[in-house]
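These are my notebook entries on a structure that I went through element by element. The sequence and the model come first, and my entries follow.

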Amino acid sequence: MNTGRRSVWLLTAMILGYAFLYGPILSLIVYSFNESRLVTVWGGFSTKWYGELLQNQKLLDAAFLSLKIAALTATGAVVLGTLAALVLVRFGRFRGRTLFSGMVTAPLVMPEVITGLALLLLFVALEQLVGWPSGRSMTTIVLAHVTFTMAFVTVVVQSRLAQMDRSIEEAAMDLGARPFKVFMVITLPMIAPSLIAAWLLAFTLSLDDLVIASFVSGPGSTTLPMVVFSSVRLGVTPEINALATIIVALVAVGILVAARIQHRQDKQREKDMQRAYASE
Amino acid sequence: MAHSATSALMANPWNDPEAQPFIRIQGVSKSFGDYVAVNKIDLDIYQGELFSLLGGSGCGKTTLLRMLAGFETPTEGKIFIDGVDMSSIPPYERPVNMMFQSYALFPHMSVEQNVAFGLKQDGVPKKEIAERVAAILDMVQMGKFASRKPHQLSGGQRQRVALARALVKEPKVLLLDEPLGALDKKLREKTQFELVNIQERIGITFIVVTHDQEEAMTMSTRMAVMNQGMIEQVGSPVEVYEYPATRFVGEFIGSANMFEGTVVEEATDHAVVRCPELDADIFINHATNLPPGAPVVAMVRPEKMKAQVEKPESQYNYVRGVVTEIAYLGDMSIYHVRLATGMVVQISQTNLRHTAEQRLTWDDEVYLTWHPGNCVVLAQ
């Protein structure tokens, strides 16, 4: 009696929770197959918007540009963020460590509007002083994105480095490897998973960013979020829905594949462990 | 006679004033901020020794080992290995290798690659690397696991790989940080003997850090008992157990009954100590080198006390008490005997028979006695 009522209540809560999270995305996917041009009126099933999407050169260019920026950003941010994390975790207490740690992670809490504005002012001032970067372009967007995604990379890599057993690096050094060699052949392979995670995070953040890119972009460097946002202001077209559906599908496939690989690795590991102890 | 004396000298270089120490630790201190981890330690270790640094956690033993490996720089003092000052030599150029407590195997490399790592750094030819790795893996009986990754090994197997990896470069000194700490009791006892065998076979000097006194007693040629960054005593296991230099050593190694008292009689061949806890004075069959009236602690090990029902005839070395606790351990039993003053004394007796004729039981009144040579007097 009691449990029956409770399970009904739990079920309702669960459905409402999922509806809250995924309802909007679901309606977006459904309406991407809408025949009608009006987003709110169902006019029958059709895939024509996907066809039109492929014809929309402006949107495709923007998507390609965004992917390029995201890849460059993620790579740059991983290099700089890893260096910052190394300094914070491995170099002990040096003068100005607290300040450095605060400055590195500040972009995490800094309002994007302020970051964007500050970077714009910096780029303009730099151009006047040294002539570089000339104008706003993809370069400035990448630089801006590296600046704010680096903080996320630092946090991710820092936590992995802090967990890592220090004695593994010491063992390598004890066996005759110089510090740089130790970093290349021991530390890097060991923190590789966190580097990949950080790269993906930076990639996503860059792909997603509208505010900062709006400040530092120039003519001819319009990113996908900017195109989507400006076209939505004139009214949402089902084309955008189709684009969003494709992105959702790609992300979902990515997550599924990652989860499967992870699951299989865990299984294999478990088997290996059992085998090891059985042979003792 | 003369022959055995020389061979004893050769076997125990620390007794030979002519012998040159292989490792010389000279006035070494290490502080971390205000905390002094190692406090002005002087220590000589000889070639071919299996030397243990024994102490509780935070006594500075691991810090001392890490200074030998080069991971910490001494705040003060110098370390010489084979006559070379190690002050400015980084860890990757020292003629020592270390086996870590966590084993610190490289998780992304196979057993073979782990062991080969050190030789590769030295630029040893590939063919020779393969031969030496195979030989050392055979020695630790891990040959058939060469292609496994560390996570596919059990604790005991990892321990062997770590040992092989540290030995393969044939260092002058092998440092072992709690080498058996992660193994269960049975495996630990077996591995202790294996380690000693390997050490004797290859003749490399071993320095072992351990908190386990049994491990140190079983394996070492000599050991240093450390406390609060200082060495309390250096000696062979027998010396340290039978003749502890300080109260700390007596209590840390094995169990001990400590009676506080004062010297009442001192002669060249004997001494008498009076303790308020005891019914009779303690007679010791050697000099204490302390003046009468000096406050001392008299220590008697539990296994050196005998329990009897009749009152002993001697006027020395006995005390009366009541059995309050009995712990049966199979090979021996431990009895707690409460004295009239309330102090509890521990004695142990080997269980030689299934049922002893005079088995003690709870609430028995007994006299505890000991031989005059079995009491150690320590200055307070």
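Which residue in E19(B) does Val322(B) stand opposite? I found Glu365(B) in that place.

Basis of the entries. I worked from a predicted model, in which local features need pLDDT of at least 70 and side-chain atom pairs count only at pLDDT 80 or more, while totals for chains, interfaces and linings use all residues. I number residues from 1 along each chain as its sequence is written, and chains are lettered from A and ligands numbered from 1 in the order in which they are written.

Entry 1, chain B overall. I recorded nine helices and 20 strands in chain B; these are DSSP runs (helices H or I, at least four residues; strands E, at least two), numbered from the N terminus. The C-alpha atoms of chain B fill a box of roughly 75 × 50 × 45 Å along the principal axes. Of the 380 residues in chain B, 38% are buried; a residue is buried if 20 or more other C-beta atoms, placed from the backbone, lie within 10 Å of its own, exposed if 12 or fewer, and partly exposed in between.

Entry 2, the antiparallel sheet. I traced an open sheet of five strands in chain B, with the order E15-E19-E16-E17-E18 and antiparallel pairing; strands pair if DSSP finds at least two bridges between them. Its edge strands, each pairing on one side only, are E15 (306–308) and E18 (344–350) of chain B. The twist from one strand to the next averages 45 degrees. Strand E16 (residues 318–328) and strand E19 (residues 365–369) of chain B run antiparallel and are joined by five bridges.

I located Glu325(B) in strand E16 of chain B. Glu325(B) counts as exposed because it has 12 C-beta neighbours inside 10 Å. Its C-alpha atom is 17 Å from that of Ala256(B), 69 residues apart along the chain.

Strands E7 (residues 173–177) and E8 (residues 205–210) of chain B pair in the parallel sense over five bridges. I noted Val208(B) in E8(B) as the bridge partner of Leu176(B).

The axes of helix H7 (residues 166–174) and helix H8 (residues 179–208) of chain A come within 10 Å and cross at roughly 125 degrees. The axes are lines fitted to C-alpha atoms over the stretch in contact, and angles run from 0 to 180 degrees between N-to-C directions. H7(A) and H8(A) are therefore oblique to each other; angles under 35 degrees count as roughly parallel, over 145 as roughly antiparallel, 65 to 115 as roughly perpendicular and the rest as oblique.

I found 23 residues of chain B in contact with 22 residues of chain A, where contact requires C-beta atoms, placed from the backbone, within 7 Å. On the side of chain B that touches chain A, E6, helix H3 (111–121) and helix H5 (155–167) of chain B each supply at least two residues. H3(B) gives the largest share, three residues.

Methods. Two residues are in contact if their C-beta atoms, placed from the backbone, lie within 7 Å.
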